[in-house]
Amino acid sequence: MKVTSPKLQKWQRQLPAGEKKLNSINLFSIYNKVGVIACLFLFLYTSSVAGDDEWKFDATTQKVYELLLNLQVDQVHHLIPQPQTAQEHYVTALAEALELLITGDGEKFTEYEDRFEQRLERKTKLNTPDDIFLQAEIRMQWAFIYFKFGHEFDAALNLRQAYLTTAEIKKRFPTFQAINKTSALLEVIIGSVPEKYDWILGLLSIQGSLEAGLKELETIRASGHPLSLEATMLYALVQGYVLQETDKGINVMNTIITRNPANRLALFLGASLAIKNSQSEAALELLNRLGQQQTGLPIYFADYLKGEVYLHKAEYLNSITSFRWFINHYRGQNNIKDAHYKI
């Protein structure tokens, strides 16, 4: 099978005069720790308007989802202890995925993997687009989780299954718009794979186009669809991390933050993009605002980012303090013993 995978042009970004690139900022390191988290963090932010045949939350699930986007995962499990509907399963599944991706907690990996498999085996006839959409989304979530935890084979299988399920729902329910968000992310991921790995895509019988993914994101973010805010966040990340158009990504994310000033996810992603663009003062402001909010799942990697910013500013004591905060908290959470993390 011939695989189409349009490749990106390599743009070399010129920094403004007098501005240096941040020390020790490696794109692949940030993508590993932030980009993957970012993509899975951003899965569904709904508005109050949805068509009768579209994916939507009831009032209670909507409230819980808003708490989740603020990383208050404990509240999710408290308010939805036994999910029943596809929407409730989606929210709880995403809460578990975010927790694993942010904390890297190996002790909870097996427990949450069991729940993932139980959701795949839900006793539904998969005759509704909501149920099939749930299958595609949790498959894609766990593709990222398996990748983070070093299970590359399982990651590839779930990515392929998400791809096939997305194609199925587009064929069976062509007017169901929500799946376009899933399709767009898959198109971008697969379409951005380096050419030397095309043979792997051929083995998996999947193909993707970055151009098609961007077009789908543009369509859904401009349509007023319930997923338009989430699609806009994804669009900002694709601009900044995939196309290397960091200025455009920052502008889009700043608009989101202006409209959602207390959203911890938006603050974290905005700071990450600002660091990538060597805007240390803007990044530090966003990270400080993030640190002032004590509710919800802690983002220890934010301390690492602050350390990088202080290092760039030649504030070495503050930099060391931030790095130590990151190492001590992350080591305590994950039992890290590698000398690589010692200062």
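Reader: What's the secondary structure here, how many helices and strands?

Author: The chain has 16 helices and 0 strands. Keep in mind that the model is predicted.

Reader: OK. How much of the chain counts as buried?

Author: Of its 343 residues, 53% count as buried.

Reader: And among contacts with a separation of 6 or more, what share comes from residues 24 or more positions apart?

Author: That share is 67%.

Reader: Let's do helix packing. How do α12 and α13 cross?

Author: Helix α12 covers residues 246–259 and helix α13 covers residues 264–276; their axes come within 9 Å and cross at roughly 155 degrees. That makes α12 roughly antiparallel to α13. The crossing is left-handed.

Reader: Which residues of α12 and α13 meet?

Author: From α12 you get Thr246, Gly249, Ile250, Met253, Ile256 and Ile257. On the α13 side they meet Ala266, Leu267, Leu269, Gly270, Leu273, Ala274 and Lys276. Sorted by class, this contact of α12 with α13 has 9 nonpolar, 3 polar and 1 charged residues.

Reader: Zoom in on Ala266 for me. Is Ala266 buried or exposed?

Author: Ala266 sits in helix α13, and it counts as buried because its relative accessibility is 0%, with buried meaning under 20%.

Reader: What does Ala266 touch, leaving out residues up to four places away in sequence?

Author: With those left out, Ala266 touches Met233, Met253, Ile256 and Ile257. Met253, Ile256 and Ile257 are also among the α12 residues in the contact with α13.

Reader: How far is Ala266 from Leu69, in sequence and in space?

Author: Ala266 and Leu69 are 197 residues apart in sequence, and their C-alpha atoms are 9.0 Å apart in space.

Reader: Next pair. What's the geometry of α8 and α10?

Author: Helix α8 (residues 179–191) and helix α10 (residues 210–221) have axes that come within 7 Å and cross at roughly 150 degrees. The two are therefore roughly antiparallel to each other, and their crossing is left-handed.

Reader: Which residues make that one, and how do they split by class?

Author: Asn180, Lys181, Ser183, Ala184, Glu187, Val188 and Gly191 in α8 meet Leu210, Ala212, Gly213, Leu214, Glu216, Leu217 and Ile220 in α10.

Reader: How does α10 cross α11?

Author: The axes of α10 and helix α11 (residues 228–242) come within 8 Å, crossing at roughly 145 degrees. This crossing is left-handed. On the α10 side, the contact uses Leu210, Leu214, Leu217, Glu218, Ile220 and Arg221. From α11 come Ser228, Ala231, Thr232, Leu234, Tyr235, Val238, Gln239 and Val242. For α10 with α11, the residues divide into 9 nonpolar, 3 polar and 2 charged.

Reader: Switching to the largest nonpolar core. Which residues touch the most other members?

Author: That core has 99 residues, and the ones touching the most other members are Trp55, Tyr65, Leu68, Val91, Trp142 and Phe176.

Reader: And what are the contacts of Leu68?

Author: Not counting residues up to four places away in sequence, Leu68 touches Val73, Val76, Val91, Leu94, Ala95 and Leu98.

Reader: What about Asn158, where is it and is it buried or exposed?

Author: Asn158 is in helix α7, residues 152–172. With a relative accessibility of 6%, Asn158 counts as buried. Beyond residues up to four places away in sequence, Asn158 touches Phe116, Arg139, Ala143 and Tyr146. Trp142 is 16 residues from Asn158 in sequence and 6.9 Å away, C-alpha to C-alpha.

Notes: Residues numbered from 1 in each chain as written. Predicted model: local features only at pLDDT ≥ 70, side-chain atom pairs only at ≥ 80, totals over all residues. Heavy atoms only, no water. Axes fitted to C-alpha atoms, helices over the stretch in contact; angles between N-to-C directions. Helix = DSSP H or I, 4+ residues; strand = E, 2+ residues; numbered from the N terminus. Parallel < 35°, antiparallel > 145°, perpendicular 65-115°, else oblique. Left-handed = near helix turned anticlockwise from the far one by under 90°. Contact = heavy atoms within 4.5 Å. Nonpolar A, V, L, I, M, F, W, Y, C, P; charged D, E, K, R; others polar. Core = buried A, V, L, I, M, F, W, Y, C linked by side-chain atoms within 4.5 Å. Buried < 20%, exposed > 50% of the residue type's maximum accessible area, 1.4 Å probe, protein only.
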